[in-house]
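User: I am new to reading structures of two chains, and I would like to learn how their features are described. Could you take me through one, step by step?

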Amino acid sequence: MEFEELRKIWDAQDNQPLYAINEKAMYNLILSKKKQAHHISNISELLLIFVNLGAGIMTLAMNLFKQSVNISLYVLSAWMLATALYTLVHRNQRIKGNQQFDRSISGDLSHAISMASYQVRISQIMRWNIVPIAALTLLGLWEGGKPIWIVVFVLLFFGLTYYAGGWEHNIYKKKKRELEILQKKLGNES
Amino acid sequence: MTEKEQKQIFEEWLNQHKALIFKIVRVYGFTVVDQDDLFQEIIIQVWHSIPAFRKESSVTTWLYRVSLNTAIKRTKKERKHYQSETIDGTKHILEESRIQTDERLAWLYDEIYKLDEIDRSVTLLLLDGFSYKEMASILGITESNVGVKINRIKKQLITKSKKYDHYGI
């Protein structure tokens, strides 16, 4: 067959719809998802900001209330507040950067890659951020004379969080790699 | 834009251009379950895209961009779905037409499906009669790049169609 013949076969389908739409189910779906404009990174950023802000303020308030001289816990609250601020600043930069991409498939892929790079970077930073937070928390517990089982429990908790952070980080890395492959396929042969 | 206006535009677009979305769904979804999942994702993206439509391009071009963007980025997920496929049937939006499809059209769809994600988009745009310039604008690549891809895809499809003719399938 020549290409024009293939096109004729292709065009003929316009008179015969391939599917029928269940309109009721479709509008129910739109109704349930129409407010779902938030991207996953938006949720994880907000979670990071609120968790660090909340935990930082709470630790600071408890220290001040108890008139504690536990330096580690003061450093810990300052660290968590700084983390919340860092995430907030980067979130604003990300949102501003969203308007720099054109509406073509290549532009959309570039945007998706930029988002994925951001997620890779932020997940890596947040994973490493667990180390100082864990160290300061454990030091605070030690200085506060807490029983050893609490220290072990907290250590295990941070260990699991660190592991989960690595798992999340790898998902973003894989997604980024897939998008880069697509971008490469689109751009080659020029 | 009010929700009523958005719904009105959505209905209008879908009535006039559903064939376009059906083609993309068929080309990027291997099983009926995949096709239904992809259709759901595309219509959600189309719905969200309505307020951003500035009439700088035709509705067809806009819908192609939105739908292909969704389809291309979804391919990897789709493969996983295919492996763990469960047919539920209760929440499906698409129902396959009972009209007998032309055998040659089914073959053409199969051949397009065998191409990679990007080449599938180029082939769809080519078969739907877009110019090099329009394709370049939708894909965000140069016209010469589009030309090279088209030449390669055309040769590939013609060679395969000759084999198809030869075996008289």
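Analyst: Chain A has a secondary structure of 6 helices and 1 strand, where helices (H or I, at least four residues) and strands (E, at least two) are DSSP runs numbered from the N terminus. This is a predicted model, in which local features need pLDDT of at least 70 and side-chain atom pairs count only at pLDDT 80 or more, while totals for chains, interfaces and linings use all residues. Residues are numbered from 1 along each chain as its sequence is written, and chains are lettered from A and ligands numbered from 1 in the order in which they are written.

User: In what order do the elements of chain A run?

Analyst: Starting at the N terminus, the order in chain A is α-β-α-α-α-α-α. Chain A has a radius of gyration of 25 Å, well over the 16 Å that the globule rule gives for 190 residues, so it is more spread out than a compact globule; the radius is taken over C-alpha atoms, and the rule is 2.2 Å times the number of residues to the power 0.38.

User: How does one describe two packed helices?

Analyst: Two packed helices are described by the angle between their axes and the distance between the axes. In chain A, the axes of helix α5 (residues 105-143) and helix α6 (residues 148-187) come within 9 Å and cross at roughly 165 degrees; axes are lines fitted to C-alpha atoms, for helices over the stretch in contact, and angles run from 0 to 180 degrees between N-to-C directions. That makes α5(A) roughly antiparallel to α6(A), a word for angles over 145 degrees, whereas 65 to 115 counts as roughly perpendicular.

User: At what angle do helix α1 of chain A and α4(B) cross?

Analyst: The axes of helix α1 (residues 3-12) of chain A and α4(B) cross at roughly 105 degrees and come within 9 Å, and the two helices are therefore roughly perpendicular to each other. Their contact is made by L6(A), I9(A) and W10(A) from α1(A), together with R104(B), L105(B) and L108(B) from α4(B); residues are in contact if their C-beta atoms, placed from the backbone, lie within 7 Å.

User: Which strands join the two chains?

Analyst: Strands pair if DSSP finds at least two bridges between them. Here 3 bridges join strand β1 (residues 19-21) of chain A to β1(B), and the two run antiparallel, with Y19(A) standing opposite E96(B).

User: How many residues does each chain bring to the contact?

Analyst: Chain B brings 47 residues and chain A brings 39 residues, and α7(B) gives the most to the side of chain B that touches chain A, with 9 residues.

Definitions and conventions. Two residues are in contact if their C-beta atoms, placed from the backbone, lie within 7 Å. Angles under 35 degrees count as roughly parallel, over 145 as roughly antiparallel, 65 to 115 as roughly perpendicular and the rest as oblique.
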